[in-house]
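These entries record what I looked up in the structure, in the order in which I worked.

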Amino acid sequence: MKTYFRGAVAAIAVTAAVMTSNVVQAADTIKVGILHSLSGTMAISETTLKDVMLMLIEEQNKKGGVLGKKLEPVVVDPASNWPLFAEKARELIEVKKVDVVFGCWTSVSRKSVLPVFEELNSILFYPVQYEGEESQKNVFYTGAAPNQQAIPAVDYLAEAEGVKRWVLAGTDYVYPRTTNKILETYLKEQLGVAADDIMINYTPFGHSDWQTIVADIKKFGSAGKKTAVVSTINGDANVPFYKELANQGIKAEDIPVVAFSVGEEELAGLDTGPLVGHLAAWNYFMSADTPENADFIKKWKSFIKNDKRVTNDPMEAHYIGFNMWVKAAEIAGTTEADAVIDAITGVTVPNLTGGYSAMMPNHHITKPVLIGEIQANGQFETVSETPGLVPGDAWSDFLPGSKDLISDWRKPLACGNFNVKTGKCSGKGS
Amino acid sequence: MARYLHSFVLFLALIWLIPGLAAPAHAADDDLRAKIDALASGGFSQTAKQIQDLAATGDDRVVPALQALLAGKLYFKKAGKQVFITEKASGGYALTDPLTGESAGTLARGALKKIRVNNRLRRELKAALGNLTLLSKVTAVRLKAAEAVFKSQDPDTLEALVSAISKETDDGVKKVLEQAHAAVLLKTDAAEADKIAALAVIEDRGDRDALSVVIATAAQAEGALKAAAEKTATSIRQNLELWGAAQNIWYGLSLGSVLLLAAIGLAITFGVMGVINMAHGEMVMIGAYVTFMVQEVIRTSMPGLFEYSLLISVPLAFLVAGAIGMAVERCIIRFLYGRPLETLLATWGLSLALQQAVRTIFGPSNREVGTPDYMSGAFELGHLTITYNRLWIIVFSLVVLFALMAVLKKTPLGLQMRAVTQNRRMAGAMGIRTNWVDAVTFGLGSGIAGIAGVALSQIDNVSPNLGQSYIIDSFMVVVFGGVGNLWGTLVGAMTLGVANKFLEPYAGAVLGKVLVLVFIILFIQKRPRGLFALKGRAIES
């Protein structure tokens with residue numbers, strides 16, 4: 001008993017010592033972790049998100065911070081290295097004592113940090129469209145789930161353009177493969193497309209020679225039925241893909257391409273003249289004509305000191321996520337993880353397209369879905385917008401394994417994958 | 001002065017009075033103008049109807065308005081909903097009357113709203129413009145119109161086509177018009193015999209669009225017509241298969257030329273000097289960034305030179321990448337000769353450092369490198385689509401290869417390089433400064449990598465990651481072709497390119513690449529020195 005007692009005292013003493021060393025800092029600031037790659041392959045997309053977070057934090061501090069304390073950004077560089085994401089996340093939470101983390105881009109980086117956030121019970125806001133099939137207590141998904149991007153895009157093409165034949169082209173990794181699996185089921189079951197009228201094609205990361213594939217698309221498109229390409233091609237491979245489309249003279253009027261990973265930022269390195277009319281599906285376009293958006297763009301351009309920089313969808317996702325966190329912390333009266341997680345469900349903040357986004361019990365948010373056509377100036381022009389907000393669906397209704405699953409983190413259910421058929425929570429968060 | 005003032009006042013009066021003036025001056029155009037102004041209201045499906053209305057007038061005065069709509073230059077005034085053709089000007093947009101073509105002053109951006117078009121409207125517009133311009137005086141416009149009608153296959157155009165064919169004087173345009181006529185005929189309920197005759201005209205065209213028309217016909221027809229259509233489809237398909245093989249060879253050569261460009265520099269640094277240079281890709285990347293810088297300077301100070309930007313970039317990229325290469329050799333590599341593992345690690349580290357340096361200076365996002373006109377677009381050779389950028393890259397890669405061969409074989413520098421790599425001590429004894437030759441050789445290899453970057457900037461992203469995607473392929477080509485042999489590099493690159501392109505349609509891009517790698521591994525087992533092995537004592541040591 002005595003030894004136990006001594007041990008406990010020692011433990012308390014050590015904890016207290018650790019606490020006080022941090023309390024000094026923690027007393028006047030709230031630390032916000034930013035976990036985006038600033039070097040390596042993904043730096044191209046993620047650096048912008050780091051900058052937008054810094055801007056949001058600066059803006060919030062001008063308004064007086066959160067709960068009367070200033071926010072202090074803590075930036076780390078996981079260098080596009082997936083295991084390093086987990087290490088850096090641990091460093092942020094354990095060593096730097098951040099209260100919330102905004103970060104990750106690729107699904108594999110998110111999967112790599114999940115166990116860390118679960119173990120240390122912290123909060124991650126993930127701002128990128130992803131393949132779904134996941135809902136975790138400590139993670140908030142502010143990007144689009146497949147039903148907030150892919151499925152409305154396919155619906156638009158089928159209705160407005162009368163597309164009967166589909167090419168699903170993607171980069172060979174988890175997001176395109178899962179999305180295409182969902183789309184294939186959706187096309188076959190909901191739109192009655194025959195198996196012959198679907199062509200699926202995968203290419204490696206950074207694929208640069210698109211001649212054969214573009215010729216194949218042309219060939220597939222000459223079967224006398226209206227054809228469209230649904231592209232989940234990611235990252236660097238897009239520029240040579242679009243260049244080849246333009247060179248081989250595939251016009252949007254003949255075979256439109258709708259992309260889920262091409263935004264204003266990706267088009268910045270391209271001459272979009274020959275690409276006018278090709279489409280993208282997002283929840284935000286820089287061209288959105290609202291006062292909130294105009295204000296955001298103005299602040300962004302002055303923050304980054306470059307008049308040519310563009311804004312894009314994941315930036316808006318961070319904007320929404322950050323404001324939600326601020327609001328939830330104010331409701332909870334603390335930035336402690338469990339209290340914020342409980343408080344954030346149902347929190348509603350304005351988005352940049354003139355509406356409001358709400359955090360749902362499955363930790364996804366409601367968003368409008370916009371379909372835009374590429375214009376000659378590198379911007380998108382919205383040609384279709386869902387009439388209301390679409391709630392993000394963590395578990396797709398079009399995959400056999402996940403049809404019966406729902407996610408609800410409110411008590412008493414508090415489960416990320418509750419099977420409505422068996423009435424059981426399968427326990428794992430993801 | 002007074003005269004200027006006078007016209008200015010008149011001009012002002014015109015702007016103010018246009019709503020009042022327009023009515024009496026163009027009373028006859030009222031109907032047309034109302035139809036054009038109607039474009040200002042309604043959603044996409046209404047706009048489609050309005051376009052059809054305009055096309056149905058058959059009046060070619062509506063052509064400028066429709067063209068402007070297609071180009072996204074048709075706006076309307078928010079107040080009054082009057083439609084104008086616009087052009088960007090200082091202080092807003094310069095307005096032009098869509099019917100008369102007269103200038104109608106300038107308005108701020110905020111007072112105007114663009115009439116939006118989507119893909120469906122663009123199709124409608126192209127079809128409408130096709131119908132309206134079939135009788136244009138310019139041959140090229142008529143040709144474009146005929147192609148547009150072929151694509152739209154609108155049954156209402158049949159009569160217009162018949163009269164256009166009878167008036168047509170140019171043989172090329174006439175042929176396309178007849179094909180368009182045949183395609184439209186297949187959509188109508190004409191007699192079966194006429195339709196079968198039309199199929200023959202379509203078969204003569206023989207491309208993918210023709211195939212598309214024939215398949216659509218076969219799907220709807222019955223009896224003799226269906227049989228005929230299916231027969232035609234098979235014949236077109238067989239023909240296209242043959243062309244497809246030719247196309248694959250062309251794609252293979254073009255991929256090969258890209259591999260060749262990326263690998264030539266490495267054939268010097270790795271092939272001739274034996275340095276495992278993992279930073280080779282970054283030299284390519286630096287070349288691409290030099291091109292970007294050159295274009296930036298040209299854009300801001302001498303826009304007229306844009307067409308020559310690539311020509312100017314070539315020597316600059318060579319010098320910049322070459323200088324960096326020489327500095328690298330002097331500062332790092334020369335201490336590591338004979339220690340391949342350390343060289344590999346050091347140059348790999350160097351490649352990361354160079355990438356990050358570029359990322360810090362230029363930012364992580366892609367940079368836009370413009371394409372000069374002579375490298376954009378494509379032309380048709382039979383049923384082959386040959387894109388100009390690929391054609392020029394093939395030519396360019398061969399020029400670089402032969403220029404390098406000439407340097408190695410015909411110049412004193414080349415002689416010294418070969419001497420040093422074959423027998424360093426002997427060369428030293430003959431008075432060659434071997435250290436200096438090493439630096440220059442490495443600089444030459446790096447410089448050529450820089451030149452490759454100029455060409456690759458035309459087909460790939462100009463981003464800090466550009467080099468990474470080429471480094472593995474470059475090593476593959478050099479090892480496969482035979483280390484130290486430029487002909488081997490040429491044959492190796494082209495073989496791998498063509499093999500890749502023949503595998504891709506069957507195996508897919510991912511598996512195709514794997515298969516090529518497996519093939520190379522097996523090949524190297526059999527012939528460790530590659531396709532063209534050098535023979536002699538220098539190799540054995």
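**Entry 1: overall form of chain A.** I took the radius of gyration first. A compact globule of 430 residues would have a value near 22 Å, and chain A has 23 Å, so the two agree. I note that the model is a predicted one. Along its principal axes, the C-alpha trace of chain A spans about 85 × 55 × 40 Å. I then asked what share of the 430 residues in chain A is buried. The figure is 54%. For contacts in chain A between residues at least 6 apart in sequence, I found that 67% join residues at least 24 apart. The secondary structure of chain A comprises 12 helices and 19 strands.

**Entry 2: helix H2 of chain A.** I checked the length of H2 (residues 43-62) against its residue count. At 1.5 Å a residue its 20 residues should span 28 Å, and the end C-alpha atoms are 28 Å apart, so expectation and model agree. I next listed the buried positions of H2(A). They are A:Ala43, A:Ile44, A:Ser45, A:Glu46, A:Thr48, A:Leu49, A:Lys50, A:Val52, A:Met53, A:Met55, A:Leu56 and A:Ile57. For reading such a list I recalled that an α-helix has 3.6 residues a turn, so residues three or four places apart point the same way. After H2(A) comes A:Gly64, with a positive phi near 105 degrees.

**Entry 3: the seven-stranded sheet of chain A.** I traced an open sheet of seven strands in chain A, ordered S7-S6-S8-S9-S10-S14-S15, and its pairing is mixed. Its edges are S7 (198-203) and S15 (380-385) of chain A, each of which pairs on one side only. With direction ignored, neighbouring strands of this sheet are turned by 25 degrees against each other on average. Within the sheet I looked up one pair in detail: S8 (residues 227-232) and S9 (residues 257-259) of chain A run parallel and share three bridges. A:Ser231 has A:Ala259 in S9(A) as its bridge partner.

**Entry 4: the S17-S18 hairpin of chain A.** S17 (residues 405-408) and S18 (residues 415-419) of chain A pair in the antiparallel sense over three bridges. Six residues lie between S17(A) and S18(A) in this hairpin, and A:Ala414 in the turn has a positive phi of about 40 degrees. A:Leu405 stands opposite A:Asn419 in S18(A). Which residues of S17(A) are on the covered face? They are A:Leu405 and A:Ser407, while A:Ile406 and A:Asp408 make up the uncovered face. I set beside this the rule that side chains in a regular strand alternate between the two faces of the sheet.

**Entry 5: a sheet in chain B.** I turned to chain B and found an open, antiparallel sheet of five strands in the order S4-S3-S2-S1-S5. The twist from one strand to the next averages 40 degrees. S1 (residues 74-77) of chain B pairs with S5(B) in the antiparallel sense over three bridges, and B:Lys77 stands opposite B:Leu112 in S5(B).

**Entry 6: contact between the chains.** I recorded 47 residues of chain B in contact with 47 residues of chain A. On the chain B side, the elements that give two or more residues are H5 (119-132), H10 (208-220), H11 (223-272), H14 (340-362), S7 (384-387) and H20 (486-526) of chain B. The residues of this side divide into 13 nonpolar, 20 polar and 14 charged.

How values were computed
Residues are numbered from 1 along each chain as its sequence is written. Chains are lettered from A and ligands numbered from 1 in the order in which they are written. This is a predicted model: local features need pLDDT of at least 70, side-chain atom pairs count only at pLDDT 80 or more; totals for chains, interfaces and linings use all residues. Helices (H or I, at least four residues) and strands (E, at least two) are DSSP runs, numbered from the N terminus. The expected span of a helix is 1.5 Å times one less than its number of residues. A residue is buried if 20 or more other C-beta atoms lie within 10 Å of its own, exposed if 12 or fewer, and partly exposed in between; C-beta atoms are placed from the backbone. Two strands pair if DSSP finds at least two bridges between them. Axes are lines fitted to C-alpha atoms, for helices over the stretch in contact, and angles run from 0 to 180 degrees between N-to-C directions. Two residues are in contact if their C-beta atoms, placed from the backbone, lie within 7 Å. Ala, Val, Leu, Ile, Met, Phe, Trp, Tyr, Cys and Pro count as nonpolar, Asp, Glu, Lys and Arg as charged, and the others, Gly among them, as polar. The radius of gyration is taken over C-alpha atoms; the globule rule is 2.2 Å times the number of residues to the power 0.38.
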